[in-house]
Amino acid sequence: MASLSGLCSSSPSLKPKHDRVVIPLFHKYSLAFPTRSNSCSKLSVAGEVSADLSKTNSVGFLKKAKQGGLEKDPKALWRRYVDWLYQHKELGLYLDVSRIGFSDEFVAEMEPRFQAAFKAMEDLEKGAIANPDEGRMVGHYWLRNAKLAPKPILQVQIEKTLDAVCKFADDVISGKIKPPSYPEGRFTQILSVGIGGSALGPQFVAEALAPDNPPLKIRFIDNTDPGGIDHQVAQLGPELASTLVIVISKSGGTPETRNGLLEVQKAFREAGLDFSKQGVAITQENSLLDNTARIEGWVARFPMFDWVGGRTSEMSAGIDIREMLVGASMMDNATRSRVLKDNPAALLALCWYWACDGVGSKDMVILPYKDSLLLFSRYLQQLVMESLGKEFDLDGNRVCITV
């Protein structure tokens, strides 16, 4: 939806440079870290860690802490499983980190860092500047609970946009808003045009949450390849006349999205159809895309806020948007606990830091055993590599290795 709109596989011919941490995703959305075998430890990349990183206290402490190896006693392993299993039955989320061999000493060493991170997260949700280069806040979590927004005007904008999106979706599905070529019918297809997070977010949500027979079928143009775009348009056939085209670009000037839009508009002209009567824009207010949609009289325009990143927001059709937001808000609450064992995000961060020597020395492999989560790995790939994958922190300190 508008403001809510918008890992690594190595080539078999290349020998991997890193060990890997595997995260299988099962039917109940459980996450488990399998035990690393002794053979995996031989793939250690300690020699590749740059000198300034290898001398840090964190890396030295991790190496020393890992010398004891993993626990092998069955009874001790069972106690560890019971002690560290995270369960959120209302969300259907279970997280098993018991086979990651972090020690009690390591947890104690990391506790102050986690408390600092919890405080930084609290400040972030209160409106602290998260992007000093651009002077921007980051507040996609306010979309899930508008009452968290630091300013009343932001809460009003969020609630107003949500109401507008829900009403528009209801009017399209009910047939109140009709395609001009089918005054007695209704829209039957959605063609979503976007790139990166503005494409993967909607794709993932549609695949994971849409019903088996949604009221509108949805297709995606998420590349600038003219052949691929033409293929999607050709697949629509005569239903192009009853297709709602949703164009998503936060900046409103993304070249790939612009190319996709131009190709689709060309197809409409060749079919004798008026694109403006079937186009919807999701973008920042007063962007090039927003102004184009306004001047040409598109069916609808919805805002993307400056403080929402494209890949940290989703939109889709055929799902209960408000229920999705309730679930997302519940997950937000779960990941705000300051108690490490009660916070699934913090547990994953702890495991990742331990497994990767504190410097990102291993690959992450996501195995979605549930078919509807197939795109989760692609979504995480972009999230981790582009949003979270930083070589330096805000103080200029190197926080990962370079290979």
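**Close-up 1. Arg336 and Glu125 form a salt bridge in this predicted model.** Their side chains meet at 2.9 Å, N to O; a salt bridge is a side-chain nitrogen of Lys or Arg within 4 Å of a carboxyl oxygen of Asp or Glu. Arg336 lies in the loop between α11 and α12 and Glu125 in helix α5, so the pair ties together parts 211 residues apart in sequence. Arg336 is partly exposed at 26% relative accessibility. Glu125 is buried at 14%. Buried means under 20% relative accessible area, exposed over 50%, and partly exposed in between (1.4 Å probe, protein chains only). Salt bridges also link Glu125, Arg144, Asp332 and Arg336 in a network.

**Close-up 2. Glu122 pairs with Arg338.** The salt bridge spans 2.6 Å, N to O. Glu122 sits in helix α5 and Arg338 in the loop between α11 (321-334) and α12 (344-355), so parts 216 residues apart in sequence are tied together. Helices are DSSP runs (H or I, at least four residues), numbered from the N terminus. Glu122 is partly exposed at 30%, and Arg338 is partly exposed at 35%.

Close-up 3. Asp123 has a relative accessible area of 28%; Lys119 has 38%. The structure holds twelve salt bridges.

**Notes.** Residues are numbered from 1 along each chain as its sequence is written. Local features need pLDDT of at least 70, side-chain atom pairs count only at pLDDT 80 or more, totals for chains, interfaces and linings use all residues, and side-chain values use heavy atoms, leaving out hydrogens and water.

Note on methods: Helices (H or I, at least four residues) and strands (E, at least two) are DSSP runs, numbered from the N terminus.
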